[in-house]
Amino acid sequence: MNNVKCECGHANPVGTVLCEACGNPLLEEIKQGDSPLDMRYEGAARRSQTYNKSIIDKVWNFFSSVKIAVYMIVIVLVASIVGTIFPQEVYIPVPKPASIFYEETYGFIGKIYYLLGFHNLFSSWWYVLLLLMIGISLVVCSLDRMIPLYKALKKQKVKHSINFLTRQRLKAEVSVPAEWGSKLDQLQGFLKKRRYDVRREGDSLLAEKGRFSRWGPYINHIGLIIFLIGALMRLVPGYYLDQYVWVKDGETKKVPETPYYVKSEGFTIDFYEKEDLPEGAGLDNLQGVIKQYQTKAVLYENVNAGLPGSEPKLQEVARHDIIVNHPLKYNDLQLFQSGQRPKAIAALNMTLVNEKTGDKIGKFKIDLYNPQSEYKINDTTTIKMLEYYPDFEFTKDKKPTTKSPNPDNPAFVLNVISPQTPNGEKAWLFLGSYLPAPGTENIFGYEFSMPDLTNITGLMVRKDKSLPVIYFGCFISMLGLVMGFYWQHRRIWIQTERSLVYVAGHTNKNWFGLKNEVLDVFKKASIPVSLVEHGKDGKKVD
Amino acid sequence: MNRSRTWMRLIILGVIFVGISVALYNAFIKDTAAVQANELAPDFILKTLEDNQEFQLSKQAGKGIVLNFWGTWCAPCREEMPALEKMHQEFKDKGVEVIGVNIGESDVTVESFRDTYHISFPILMDRKREITQLYEIGPIPTTYFIDSDGVVKKIVIGGPMAEKTIKENITQILPQQ
Amino acid sequence: MGRKLIELSSNLLLVAFILYIVASFVFAISVTGKRWGKRDEQAHKQRFGSIGFGITIVAVLAHASYIITRWIGQGHIPTSNMFEFIAFLAFSIAVAFVIIYLVYRVPILGAFAIPVVFIMIAYASVFPRTVTPLIPALQSYWLKIHVTTAAAGEGIFAVGFAAGLMYLVRTIDQSKNSRSRRWLEGTLTLVLMLVGFIITSVVFNAMDYKAEFELNIDNTKSVVEYKMPAIAGPQNAVLLSDSAMKPWFDAPGWMKGLNAAKKLNTVIWSVLSGLGLYVLLRLLFRKRLGQLLQPALSDLDPEMIDEISYRAIAIGYPVFTLGALIFAMIWAAEAWGRFWGWDPKEVWALITWLFYTAYLHLRLSKGWIGEKSAWLAVLGFIVVMVTLVFVNLVIVGLHSYAQVG
């Protein structure tokens, strides 16, 4: 690779737009023009443009292109819009398989939506791939621009070619005023007061401030990369735990995939009361507006977790009233209030009666979650529970069975052993009714009293070790954004050539502010100056 | 200069590529199941339905074990019970035992089920579903064929299994006489 | 006490609303009126600019007092339903305008940005004003932090939008029939449609118009109450109200859901009234809207307004990132144990963010300045509005506003 030599004698790397030493454009057609210079990346050679030979270079160049990055952003954007037209599969409101739901609910368009995979867009391979490619693009683009920019800014000199100065967007030419030396000292002082870094070489000076704001975008990109690494970390097993546990009042349950047990000391739902809100503020429809879900939770650690299944030895480690927005936290385990089944039936309160005489023989209680196999009613009478179907239904061949292990529709077969029925009298017992064995004259019947109710709380179990990384990424990203957008990199060049003083200014944003600053400084030094603002499109405006 | 630049680029792209691959491999391709074929079955201890005795997997060395996770609410589980029972009868004297693990049901439910289906093999009661979680049981029935050294030889997820399937897998775990 | 405070807050909002209207007229006069009589143009502009700004400050103070009184009155920050949120967004637009004005001192910006503010307040008033008790998910200090910061970011984007629109009105050649000219006309008509929606809602609301339809969905009978005369009625529905207008046609069959036809009807009314307003204005002034507005901006430096638009977006972007994404993620992690769940509202925040990201890259790296950049600034705010209106009202997500209105 041959270097490109500038008129000033400096040898520049291939691809350089503005000479590293004097700022003069290297391309002949730019040099001849009079439009403002493109100051992006200080005219330094961007690495990607320099070489384009091997496949590595081609891949590199692909990812280093902002144009391609913007295309990828736009594709992700459009795809995301399409992804919100219908609910995603995880947010389907009814328990139906996706293959049926979309067509049934949204007709033909829904079917197409499903077939194209938009129902699971955000975890589809191509969407994730695009996000990852944007991530790669972030790394490559940043490296590709930040290094040359850094070098160019570090190398910059005080003196520049006249062509460089007269073709800045903000510029002025003044004939050398009287006592120029002391005036320049004055200017230097004023600029320093405005927090400029001033470098002086004889009759020329370069005042610069806020250079760090140029690093803002790259720091932001680094933050985003850290964020993406955090997001990727969640895919590694052990970094992210997503589980669920339902706990009855008073019950202690194992927290899945952890050595912990959680006990609910009571789940409550609070509703808004009149006192909670100011009077006369739409109170009529306050009925049933939920104020709070709360689980009094105790977390235990099983210190005997070595052999699974062995009797747990529980040690209380944390206690917290879990409400929405206030999870129980212990180390990196978090339990969130998430679901509720209030007033679920926990136990049936029964009375055994003699149907013939109407006598009440005795009471018993059937715990639906842990029924006994025998209930002693009195000295002579016991009830044996022969069968229990927590969620009763018939199989196809008309055999009783259970649909699920949850007591949603409990059914029992009970057998009463008493002096009158030494061989037992069987009956089916359902919620609120019973059915004696067919063809028998039954003696015993059952009466139902108010059942015991319990509340079941649904706790979401989460562990997210990547969260600190994600937050750190966000923080760095914000830092970069603030640096880049709330500060500006301003430079003012003042250079004396024979009888003329050339003034030029450049900023990466807020030209209005820079213009006022230059005018102000010159006014203070009482040097009349008429600034010319070269239009960005090349036209001149005063 | 040119060479080192290409190397630099190669290294950077390579690091990114490897990083992403590792994450994706871990997430989608790598089998992260707790129990895998040709590895030791995780040890556990549970009480039996019959006599409330403790059953510990690691103490069964020398016997082949057919570990069947089931629940009474699951139709395929019910359907394969007779076949399992038959195989239990056939192989219990040859050193292979069928062990059922009931998932979180009450004694009454399981007892009546056992009687209906005439099950004679031991049933372990996983009341807290701890072992179900340990083995990361998804759909049931799920059956593990464990040899006399405690190594899982075969995992059958779903059912019902035909007698033939069970038999074939049992022959793999028959202790050598 | 609470009730009185809330009544007071409503009055304060009304005061702010009126003052905003007055302020935008004064800002408009500061430029258009300078050729009246024999006035010193610069002095006139400065004087009216200052008056307009002064009125705006008073309006912003009244607006802030509305927020404070309502906050105290109901016991939580007024950002928990659609009315409160839009009114708050209007406030942040006004504050963003004040900040940008203090930097650039361009009075005519007020004639474009302040109308966005009062249109927003009017739009807010279309929604029910009742105090909504906070559902458990919203009971968090993150409600204050997340919603206010996100609204602040969107408010600054709105000023970028106003400046972008000004750039387009100022620079697009009205003498040539071009695509830009047609699109500008279309954009202005879109604004009129929002105005049309507000006017029709307010008028029919004042008339207490009601039309009830009975319809059958999944074998259960439900009643839908239209608050505007039904142009599009629900499919296979029976009109129950006697005095109400019969629908002209039924909503197409693919629009499912109880309120789909009602929403379609609202859209039709907005479009029709917007077009009606447009025709009225054209007949009244015999000029295109762009043509009508252009003279007011004739002495404005296009580069200056381009910079204002960009500056506003550059200031708003970090604020929006912080509020709508980062704070949202922290809150989501606190409340649901996951920082991101691809909920429609989250996705739209991401879409908005990606859009402005593309804007910044195109502008900074690809040199998209001037007209292209202005179009993007306009489109960006339309994306923001889609997120607020469409997603909140049409696509139902986790965010509570969905249930209101």
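Predicted model: local features only at pLDDT ≥ 70, side-chain atom pairs only at ≥ 80, totals over all residues.
Student: Which residues does helix α4 of chain C cover, and what should they span?

Tutor: Helix α4 of chain C covers residues 107–124.

Student: Is α4(C) mostly covered or mostly uncovered?

Tutor: It is mostly covered, with 18 of its 18 residues buried.

Student: Moving on to the cores, which residues have the most contacts inside the largest nonpolar one?

Tutor: They are C:Tyr20, C:Phe97, C:Ile108, C:Leu109, C:Ile308 and C:Phe381, in a core of 187 residues. Helix α9 of chain C, residues 302–336, gives the most to this core, with 19 residues.

Student: And what does C:Ile308 touch?

Tutor: Leaving aside residues up to four places away in sequence, C:Ile308 touches C:Ile100, C:Tyr104, C:Val106, C:Leu109 and C:Ala163. Apart from this core lies another, of 45 residues, which includes B:Leu46, B:Leu67, B:Trp73 and B:Phe145.

Student: New topic: how many disulfides are there over all chains?

Tutor: The count is one. B:Cys74 and B:Cys77 form a disulfide, and their sulfur atoms are 2.1 Å apart. The link is right-handed, with 90 degrees about the S-S bond.

Student: Are B:Cys74 and B:Cys77 buried or exposed?

Tutor: B:Cys74 counts as buried because its relative accessibility is 6%, and the cut-off for burial is under 20%. B:Cys77 is also buried, with a relative accessible area of 0%.

Student: What about A:Cys19, and which cysteine sulfur is nearest to it?

Tutor: A:Cys19 is in no disulfide. The nearest cysteine sulfur is that of A:Cys6, 3.6 Å away, whereas a disulfide needs sulfur atoms within 2.5 Å. A:Cys19 is buried, with a relative accessible area of 4%. A:Cys141 counts as buried at 8% relative accessibility.

Student: Still on chain A, which residues does the UniProt annotation "transmembrane region" cover?

Tutor: The unreviewed UniProt entry gives that annotation to residues 68–86, 125–147, 218–240 and 469–487 of chain A.

Student: How much of residues 125–147 and 469–487 is helix in the model?

Tutor: Residues 125–147 of chain A are 100% helix and 0% strand, with end C-alpha atoms 33 Å apart. Residues 469–487 of chain A are 95% helix and 0% strand, and there the end C-alpha atoms are 27 Å apart.

Note on methods
Residues numbered from 1 in each chain as written. Chains lettered and ligands numbered in written order. Heavy atoms only, no water. Core = buried A, V, L, I, M, F, W, Y, C linked by side-chain atoms within 4.5 Å. Buried < 20%, exposed > 50% of the residue type's maximum accessible area, 1.4 Å probe, protein only. Helix = DSSP H or I, 4+ residues; strand = E, 2+ residues; numbered from the N terminus. Contact = heavy atoms within 4.5 Å. Expected span 1.5 Å × (residues − 1). UniProt positions renumbered as here; feature names shortened; annotations may be inferred.
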